[in-house]
Amino acid sequence: MDRTGILFVISAPSGAGKTTLCKAVLDKVEGLQFSTSYTTRRPRKGEIEGKDYFFVDEARFKADVAEGAFIEWAEVHGNLYGTSQQQLHRLTSEGVDILLDIDPQGAMNLQKQSEDAVYIYILPPSFDILKKRLLMRGADSPEVVEKRLQKAGDEIRCYHRYQYLIVNEDFEVALENLESIIRAERVKMREKYRAWVEERFIHLL
Ligand code: 5GP
């Protein structure tokens, strides 16, 4: 059977709990790997090179863009982020499903090229809660929080371009929903399965 890996694209405004959900589902679901992006942002405490991100400088990033190394890339909060074309193709051709944590600009760019990807959007239960979660992080000044909220508002307007919506109110429920989406998409009838059924069954009938 054609077991080309499936792309699961996940976006969310910051404060929706996306990173924690992604990590938990990667631990839970076999045959699923994280697509490690390239970024010009500085590593945060505890982040591991090659696992969380490949940290590169702007010159290197722009050279990679010019060479067509990224299947999509975008500027987010003043930093550049991109998804390696080569990494995706290598893993999907090995039959590995990929989880991509990318922003809506990147997701829309990917949508233009990769019709077969699955698009999942995560939201907190309300705008008020989103605001509180951003404020609770404590690391940002009120101006930065305001900017992030404005950006979140712009991004949320893209919600209808995604196929699934997960509301992260109860973490366990949200995780179960994400896992269910991945498992259901794996067994969803796809054109590419036709050859397998034809060869093994239809031709023998
Ligand atoms: P952070 O710097 O907090 O890890 O990520 C900031 C934003 O960049 C998040 O919304 C995340 O989804 C997005 N992002 C991470 N990697 C990529 C990527 O390769 N492409 C795009 N378009 N966005 C990314």
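Is Glu 47 buried, partly exposed or exposed, judged by its relative accessibility? In this predicted model, Glu 47 counts as partly exposed because its relative accessibility is 22%, and its side chain forms a salt bridge with Arg 41, the closest N and O atoms being 2.9 Å apart. Arg 41, by contrast, counts as buried, at 8% relative accessibility.

**Salt bridges**

- A search of the whole structure finds 17 salt bridges, and among them is the pair of Asp 101 and Lys 18, whose side chains meet at 2.7 Å, N to O.
- This pair links distant parts of the chain, since Asp 101 lies in strand 7 (residues 97-101) and Lys 18 in helix 1, 83 residues apart.
- Asp 101 is buried, with a relative accessible area of 19%, and Lys 18 also counts as buried, at 14% relative accessibility.
- Arg 183 and Glu 30 meet through their side chains in a salt bridge of 3.0 Å, N to O, and this pair likewise links distant parts of the chain, with Arg 183 in helix 7 and Glu 30 in the loop between helix 1 and strand 2 (32-34), 153 residues apart.
- Arg 183 counts as partly exposed at 31% relative accessibility, and Glu 30 is partly exposed as well, with a relative accessible area of 49%.
- Both Arg 183 and Glu 30 belong to a network of salt bridges that also links Arg 3, Lys 28, Asp 97, Glu 179 and Arg 186.

**Nonpolar core**

- The largest nonpolar core has 21 residues, and those with the most contacts inside it are Phe 8, Val 25, Ile 120 and Leu 178.
- Strand 1 (7-11), helix 1 (18-28), strand 8 (118-123) and helix 7 each supply at least two residues of this core, with the largest share, five residues, coming from helix 7.

**Charged surface patch**

- Glu 169, Asp 170, Glu 172 and Glu 176 form a negative surface patch.
- Glu 176 is found in helix 7 (residues 171-187), and this residue counts as exposed because its relative accessibility is 51%, where exposed means over 50%.

**Local features around strands 5 and 6**

- His 77, in the loop between strand 5 (70-76) and strand 6 (79-84), has a positive phi of about 50° although it is not a glycine.
- Most residues other than glycine have a negative phi.
- His 77 counts as partly exposed, at 41% relative accessibility.
- Ser 84 has its place in strand 6 and counts as buried, at 9% relative accessibility.
- Ser 84 and Ile 71 are 13 residues apart in sequence, and in space they are 6.1 Å apart, C-alpha to C-alpha.

Terms used
Residues numbered from 1 in each chain as written. Predicted model: local features only at pLDDT ≥ 70, side-chain atom pairs only at ≥ 80, totals over all residues. Heavy atoms only, no water. Patch = residues over 30% accessible without salt bridge, like charges linked within 9 Å, V, L, I, M, F, W, Y side chains within 5 Å. Areas by Shrake-Rupley, 256 points an atom, 1.4 Å probe, with all protein chains shown as cover. Salt bridge = Lys/Arg side-chain N within 4 Å of Asp/Glu carboxyl O. Lys, Arg positive; Asp, Glu negative; His and termini not counted. Charge placed at Lys NZ, Arg CZ, Asp CG, Glu CD. Helix = DSSP H or I, 4+ residues; strand = E, 2+ residues; numbered from the N terminus. Buried < 20%, exposed > 50% of the residue type's maximum accessible area, 1.4 Å probe, protein only. Core = buried A, V, L, I, M, F, W, Y, C linked by side-chain atoms within 4.5 Å.
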